[in-house]
Amino acid sequence: MNFLLRRAFRCTSNFTASWRTSLIVSCSRLDQNPQNGYTSDSSSYKLRTLHPKESTAIGSSQAFHDLRFKPDDYRLFHKLDPSGYFIAATDSGEIAGLIGAPKITDTEGAIGFQFVNEHFKDKGIEEALWSAAMNHLGDRKISLEVSSEEAEHCASLGFSEAWRNGLFKGKGAKLMAQVEELTNSSVIRRIGDIPFSKVIHFDETIVGHERVNFLYKWTSVGSPSFAVSAYADDEVVGYGVLRELHLPQTYRLGPLYAVNVAMAQVILVALISNIPDRTYYLQSPLDNLSFNRLLTDQLNMEQVGESVRMYNVESHGVPTHKVFGVACPDIGW
């Protein structure tokens, strides 16, 4: 999240008529059309839901080119809730702005993928998109990820800081003897080689709900991407996914979930050992201090960024001590 929140910081959860009358589109004048989605009475642009064929436009929100996912990944994000992505389109069809607000479950949602074209800033688009997103999610628990500088503005919107994620960048990996032994043992299995129901069950203990379709597609990867699990006593005790990004020979780790730091370390090394001399990124909660030291001291990864995870409820319910890698903060995972 960037300037969208700075523009919307005066907004309340009810989104009453608190916007300036000079805005090209006022949030209080948005109507929901069952066929066309959100529209405005302005000829400058129209708010509507994102069409599946436009799903790759979601990537426009990620200013850091190295971290952009592949087109198929954005299509998968869009399928989470096709009615939860909104764009502001000009009369000529140009996308002026975008926001994602997928309903993850009946009680949870996320806001992310915010983007407004430089030529259309300060024209009310930011407020209109934010209003459409919040109206769509209703009274759900909502997650969003912002920079440290923007956290104060989010607090004025009713969001509270839950934890901070560090973005780490690495290249290659020197295997530690004791870890190498485990990565080559029966403890580490390819996810496709074990009952997938066990992966689903373990994942549910972390995210709080079952996400069979998404997880199956996210973990069904082949070289140069990898998905492995830690398997002990006939149960999954952790799993991780390494996926190639849009930029060739660049990867992102996530999710990386495990019952403890030691198991997370084994999974991490098992994954990155497949991509020697390749660049990879990992977004990980900074609360896990010993794991962070592993990243910087033993794997020589560099922290290149920091973000704040926030929720509109006080108790988020995420066991961050078992979360060592975030797949995509824009959808809350």
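Q: Hi! How many bridges join β3 to strand β4?
A: Hi there! This is a predicted model, and in it five bridges join β3 to β4, the strand at residues 85-90. The two strands run antiparallel.

Q: Nice. Which residue in β4 is the bridge partner of Tyr-45?
A: That's Thr-90.

Q: What's the order of the strands in the sheet?
A: The open sheet has four strands, and they go β3-β4-β5-β7 with antiparallel pairing.

Q: And which ones are the edge strands?
A: Those are β3, at 45-49, and β7, at 112-116. Each of them pairs on one side only.

Q: How do strands of a sheet pair, by the way?
A: In general, they pair through backbone hydrogen bonds, in either a parallel or an antiparallel way.

Q: Got it. What does the twist average from one strand to the next?
A: The average is 15 degrees.

Q: Switching to helices: at what angle do the axes of α6 and α7 cross?
A: Helix α6 covers residues 196-207 and helix α7 covers residues 212-219. Their axes cross at roughly 115 degrees and come within 11 Å. So α6 is roughly perpendicular to α7.

Q: Is that crossing left-handed or right-handed?
A: The crossing of α6 and α7 is right-handed.

Q: Which residues meet there?
A: From α6 you have Phe-196, Val-199, Ile-200 and Asp-203. They meet Val-212, Leu-215, Tyr-216 and Thr-219 in α7.

Q: How many of the residues in that contact are nonpolar, polar or charged?
A: Six are nonpolar, one is polar and one is charged.

Technical notes:
Residues are numbered from 1 along each chain as its sequence is written. This is a predicted model: local features need pLDDT of at least 70, side-chain atom pairs count only at pLDDT 80 or more; totals for chains, interfaces and linings use all residues. Side-chain values use heavy atoms; hydrogens and water are left out. Axes are lines fitted to C-alpha atoms, for helices over the stretch in contact, and angles run from 0 to 180 degrees between N-to-C directions. Angles under 35 degrees count as roughly parallel, over 145 as roughly antiparallel, 65 to 115 as roughly perpendicular and the rest as oblique. A crossing is left-handed if the near helix is turned anticlockwise from the far one by less than a right angle, and right-handed if clockwise. Contact means heavy atoms within 4.5 Å. Ala, Val, Leu, Ile, Met, Phe, Trp, Tyr, Cys and Pro count as nonpolar, Asp, Glu, Lys and Arg as charged, and the others, Gly among them, as polar. Two strands pair if DSSP finds at least two bridges between them.
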